[in-house]
Each structure stands twice: as structure tokens, then as C-alpha cells.
Amino acid sequence: MNNLKRLLRQESVWIPIISIVIGIVIGAIVMLIGGYDPLLAYSSLVQKIFGSVYDVGETLRQIVPLILAGLAVAIAFRGGMFNIGVEGQIVMGSLGALMVGNMIDLPPIIHGIVAIIVGALFGGIWGALVAIFKVKRGLNEVISCIMLNWIALYISHITIKAFMAEAGTSRSQMIHDSASIQIQWLSDLFNGARIHWGFFIVIFILIGYYYYMNRTKWGYELRAVGYNKHAAEYAGMNVSSIAIRTFFISGAIGGLIGTFEVLGVFKYMAIAANTSGTGFDGIAVALLGMNSALGVFLSSTLFGALYYGAQGMSFGADVPPEVIKMVISIIIFFAAAPGAIRMFIKMFKRKSKREEG
Amino acid sequence: MAQPETVLELKGITKRFGEVVANEDISFALKKGEIHALLGENGAGKSTLMNIVFGLYQPTEGSIWVNGQEVLMDTPNRAIDLGIGMVHQHFKLVQPFTVTENIILGMEPKSGLRTDLKSASSKIRQLSEQYGLNVDPSAKIENISVGMQQRVEILKTLYRGADIVILDEPTAVLTPQEITELLAIMKRLASEGKSIIIITHKLKEIMEVADTCTIIRRGRVIDSVVVKDSSPRELAEKMVGREVRFKTDKSAADPKQPILSVKDLKVRGDNGQMAVDGLSFQVRAGEIVGVAGVDGNGQAELIEALTGMRRVEEGEIDLDGVNVVNKTPRVVGQSGMSHIPQDRHKHGLVLDFTVPENAILQTYYKPELTKGGLMDHNAAVSLAEKYVKSFDIRIPGLDVPVRAMSGGNQQKLIIAREIDRRPKVLIAAQPTRGLDVGAIEFVHKELIAERNNGKGVLLVSFELEEIMNVADRIIVLFNGQIVGETYPDQTNDQELGLMMAGRRQGGDSN
């Protein structure tokens, strides 16, 4: 009980909570101004999420990539770096998984495992490139990340068109059934929601992230570099190799997003004009979750549910789903600018003090 | 002549942070035209008190009176309106801006839509002349020295109409010459009717410049004394609450075999110039070698090269028979070198790490602390507890970031960690920078104890007093070269001062 009280007094707990409340309230105000009924909108949002087992399953499916994207960004943040290249790592992961799934024949289960490993490796190498450019040539990671995002996208286009094009469509051929990681009986249980092994792997990765960060030597080194590079160097750590290692892990987690989407959800890869945007959502997730395993889990659950529920909002209350994007943006704004919230709290405290006296 | 009026008075100020009492029932009076020193150890509550005066904190109890009127000091802007200016220890200046632009920032004089730089600039020039500050209003901050930047901060308070100027540890960042100039400026300001509060723990400066000195210990006022009727010893004892020894007790050194040999060492500085230019010297086991010199004569580069943090261009470094030239810091450390770095915030500690996490910074990978990649949290905690106990480190708790500890306690933690590595050679760079009398005494004792244990100690310091007190042998560095070697009992401040200015040994008399 005391522990809970202490926890609630911590800024890292109440700043996200207040941000969420402010976001939802401002969303409601905007809906009112626009002539919509915010209560109906939010209740249909909630109804959409819990409306049927299918919806619950699909909400979970929405959450899985967000958790991974959040962790990928968070691990780089903890190391004092900014991975804005998760987008490209997702594409490379998808491509790796697709190539194994489509071009190679292997027995079931093994095929899926190999495809997952290759997908993660593709993403990891794509991530490591960013850190290598940074430590060897001093290239700012934000610039290389954004460039590599586009390079990855076009590599995927070329590869698909050259080897796996599905005639008459703008997508690749399907992966072989042996490479699918969808769990049929669970999907059936959830009325066809696309449930796959990635759900369980994600739980392991979340726990692994916590242990890596807080219990292992490598996590200690990563945090030391992130907090104070000079002190890490003084302590004899190899700052360059730690940066490369961190970006490799970050990229591998990003690669898994694409891997799971290809092997467990869509079974093919589209030749899209743009990347999915999940990697950018990961930045928001990591920010709100303050780069901790639990925080990332909670914030991705919130965002995933909001995204999925937004469809119900437009259906049930005729509110454009963009409103939810705005709500999320407001939450992120306040979570990323905690100074604004501290100011509110200070004003509030002073006011109540004055009323007392 | 009538008694000068009281311009600022604090009555019964108490400030609590939760359960911690930072200031307790402090009363304090500043007279017009007076230089009033606020003396106390790190963490005694001086800065908290001044932040209350400047409107950054609200007192829990007590009142503030300015020019005989009780005031509610709720924001720094209120303090500025009342004619109070504060120069912080870390300057708040925009580097690429000019002096004028920095001074008017936030209250730009307007002529129509444009900022009237011309009138501001001439007003600044006039103020600068009036108080002998000698500041060029059109110079860019990034191009002027630290001492000059500090004068810009002082000028900023004057420009905003300050009659009371608070200086927070103003000499910590200055060279000896700049300190002399600053003290002269303070006297000039006082003679022009400004009142000055100087927060410091340097007794010498107080004796030189202050009229009155208020001593604070553990949040309470111990005494307010007239400086000219007091002595450094009296002030120091009131500050730490017990007797202090200015001369460090130590037995004669008993140097054994050379344990660190440096030969013809050449190291480049950040600008590409040869910062260490052909250095040769030895440190023997059981000896403290003091490296004297003015900051910027190659000390930083020498230490970084010795500890593996900077590339050696040419030369040899022999650490008890092992060649450590261009080895990584880890390898150099494992070969028997410990290093108390000059900048404890930049290198010595990860400020956001807890005490145990910092205690294991150099050894976290060793089998006693990590097995198969998994760290043993309990081992780290018991190591930290050992350091805390044996070095009397005062901390709010093991699990708080070391950022929350005072400078002296942070330094104790570093020293505990570095000595515990059982080095053959201990490099101590400015080990007492920013520490108070009590902590300095402690650090010096530890260095001497290491020497008595048969370690070689290399002490790099810009404070002549420290070198003279602690070192067994002194080498003087100028422009990356050794210009003299001597012993504390065979030299004096004047001779060392001349060598530090570049005159080679034996150039005159003697």
C-alpha cells in the first residue's frame, strides 16, 4: 500500500496519466465545437474495442506492432540515441521474412522460425548500419535513419518486382503456408481475428527488455553511455561498439514488426508508395511510456485500443477517426513537454494554498 | 557619519523541503555599500537562502524586507524590480550573441518595431566605464574569456538596475589573475554604493574583500563577524564546527623504485597543436609528485594520455614494467592505474546513476559483480555500503541518483572507488576543486595515506597551496614542457609562480 502511494507520487507516473486525461478532454471539447456528441463518440469507441471477441482479438493485433516499435525506439533512447529509422527496419524485416517464406521450401514450424530469425537479422543489420555510420564517420543518426527508410522501401520494391511479383497486382506473391505463424485454432476462437505466435514472442521480448536493461552488464553499459558518454569512456567501456550493439537490437526488434505482419497477418508484402508509419508511432509510445518495459506496454495498449476503437467512433457517432489522431497527438504533446503539466500543477497548488490561507 | 542604512533584511527564514530543513530561522542584514560574505560548507544551505532572496524559492516561514519594506518575493522578476541581481555560478549567456544582445535579452529597448541596439550599447559602455568593468559591448560571448563573461553577467544585473548584487561562488571558474580583478571590481561596486553578497567557501577571498561575514552551518546562522576583526582560522572553525589544520600533517616520504616512467611524451590537444611536448618524468612508489602550472599548459592532455583517453603521438609510458602507450582506459586501469578525474560530473560519475551503480563503474564487469552477463545487485549495494561507511559519505539514501549529493560527497565516492581498485599509481587531477575546507582536508589525508601504502601518486593541481602542502616533489608545467623540478621545502610561492609563468628554473638569483 505504501509502495503504491510512493509510486503514485512519482512524476513518471502522474505525468502520463494527466496527459491522457487532458488529451481526452480536449478531444471532447473539439467534438462539441464540431457539433458531435463526445459521450456517444467515446462510448462507441469503447464498444468497438470490446464489442465482440473478434474486435478484442483485432485490438490485440493492433497493439503488438506498437509494443515492438515502442521498445525499438526506447532502447535507442536509453542509449542516448534516436532511432527514427524503425520504419526502414520494419520494411527490411518484412522483406527478409517474405524472401524466406516465399522463395525457400522448408518443413512447417522450422520454416516459420527461420523466417522470423532472418527477418529480425535483416532489421538488425539495417539498424546497425545507422550506428556504424555514426561512430565511424560521425553521421547524425536522424539523417541516416530517414535516408535509410526510403532506401529500404525501394529495395523492397525492386526485390519484389524482380523475384516475387504477383502478376496484375501491386503486391508480392503469398508466403508458403508452411511459413505462416498464424495460430488457426486461436484465430477461430476469436472469430477470425488474426492471432499469431508473435503475440507470445512479444511478451518474451518485453520481459527480456526489462532484464536486459536493468539486470545485465550490457544494459548497464547501455544506460551509462546514454546518461554520460564521457564517464562511460572513462570507465573503460567501448562506446562505439555499445552504440552498434544497441542499434542492432533496436533494428532487430523493428524487423520483427514487419516479420510478424508478413508471416502472421497479411502473408504478402504490398508495393506501397510509403512506409506504414508504425515506426513513427513507436516514438510516441516510447515517449509516453518513458522508455520502460511496463510504460511501453501500457502506452501501446492505449494507443492500439484508441486506433482500433476510432473506427467504431466514426461508425457509431459519425465522428471522423482523425479526432483520435488529434487526441493522441495532444497526449504526446503533454507527455513530451512535462513542463507544461508541472506549471498547471504549480498553479493549482498555489491556488488551493491561497484558498486555505 | 550616520550608520549606513540596511537595504536587505531576512527575518527568521526557514525553508523545508518535505522533511529536510535547508534553512532554519535565518536572520541576516545587508547594509548599503557593504560586501557581505556568506560562508558555509557545501550543502550548508547558502544557495537555498540566496534562491529565496532571488524569488526562486518561497520560504516556509519568515519574511524578507527590502529598504525597510516587507516584500513578497514570489518570482525572480519581482526581485529584479526591487533592485536585486544574481550572478549564478553557471552563466546564463547565449554564446553566439554579442555582449549587448545578451544583456538586453528579455527586455529589448524598442524604437518602432526595431530593437534599439545603439542606445543599449552606449548605456552598457557607460556602465562598464563607471564600474571599471572594461567590457566591449560588441564582442561575442564565445570569443571572450570566462572572467569577461562573468563581468557581462554582473553588467547585466547593473543594467537592470540592481543595487544589490548576489554572486554565487564567483571565483570557482576563474584563474588567479581573474580572481584578483574580480575582487577589485567588487570593491569598486561597493564604493559606488552597491551592496554585494558573495557566496563562497574560500577564506582567502573573504579576508581580502568582505566587510562582514555570516557563517552558515547545517542551515543555521552560526555567527556574523566583522572580517577585519577576525582570522581565517576563526572563520574556518566556525564553518566546519571543529578545529581545522591548514597544514596537512605528513611524515617524510620514503620513495622506492620508479613505478611510472614517462619518456619524451608528445600528445596533441583538441586544436591539433602539440599540447604535451616532449615530457619526461618519473613517479616513484611511495611518493607524491605534484604537477604545478596554470590551467591549459598541457595538464589535461597529459592525464588523458596517461589514462588511455587520448592518443599518444610519440614517447613511452611505462607503468611498473608494462608499456601502456595507446592502450584503452580499461587496459590501463587493469595494469594498475587509478584516476580521480578533474571533472567529476563529466567523467567521474554518471550523475543519474545511484550510489551502487556509480560504485561499480570501473569494475562492473568483474566476476564478483557480474556472472554470465547478469549483474549481482546485492554485491553492488554492499560495495556501496562499504564505501559509504569507510569514507563517511553522507547521502540521503543509496537509491538516489548521485546528482542529489553534495560535491564533497560525490568526490569521496570517486576516491573510495579509485582507491579500492588497489592501483600502483593514483592520478589525482584537481581532486579538491569546489570542495570545502573539511572535504579538502579529507582528500589530502587519503592521498598521503595512499603514498604511505607505497603507491605512486601524481597530483595535478592549479592551486599552489595544495601542491606545496601535499606533494613530496614538484614539477612545473609550462606550454606542455617541464620548466622546473623542485621540492616543497626548497622553494616558495614566488619562485613557483615565476616558473608557472614560463621562466626556467635557475634563471635568476639562487
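**Notebook: chains A and B**

I first looked up the UniProt record: its unreviewed entry lists "transmembrane region" for residues 12–36, 59–77, 84–104, 110–133, 195–213, 283–308 and 323–345 of chain A; such annotations may be inferred rather than shown by experiment. I note that this is a predicted model, in which local features need pLDDT of at least 70, side-chain atom pairs count only at pLDDT 80 or more, and totals for chains, interfaces and linings use all residues. Residues are numbered from 1 along each chain as its sequence is written, chains are lettered from A, and side-chain values use heavy atoms, without hydrogens and water.

I checked residues 84–104 of chain A and found 86% helix and 0% strand, with the end C-alpha atoms 32 Å apart.

I then looked for nonpolar cores (buried Ala, Val, Leu, Ile, Met, Phe, Trp, Tyr and Cys residues joined through side-chain atoms within 4.5 Å; buried means under 20% relative accessible area, 1.4 Å probe, protein chains only). The largest has 86 residues, and Phe260(A) is among those with the most contacts inside it. Helix H4 of chain A, residues 53–78 (a DSSP run of H or I, at least four residues), gives the most to this core, 11 residues.

I turned to the interface, where 17 residues of chain A are in contact (heavy atoms within 4.5 Å) with 26 residues of chain B. I recorded one salt bridge across it (a side-chain nitrogen of Lys or Arg within 4 Å of a carboxyl oxygen of Asp or Glu). Arg223(A) and Glu357(B) form a salt bridge through their side chains, at 2.7 Å from N to O. H10(A) gives seven residues, the largest share of the side of chain A that touches chain B.

Terms used
Helices (H or I, at least four residues) and strands (E, at least two) are DSSP runs, numbered from the N terminus. Buried means under 20% relative accessible area, exposed over 50%, partly exposed in between (1.4 Å probe, protein chains only).
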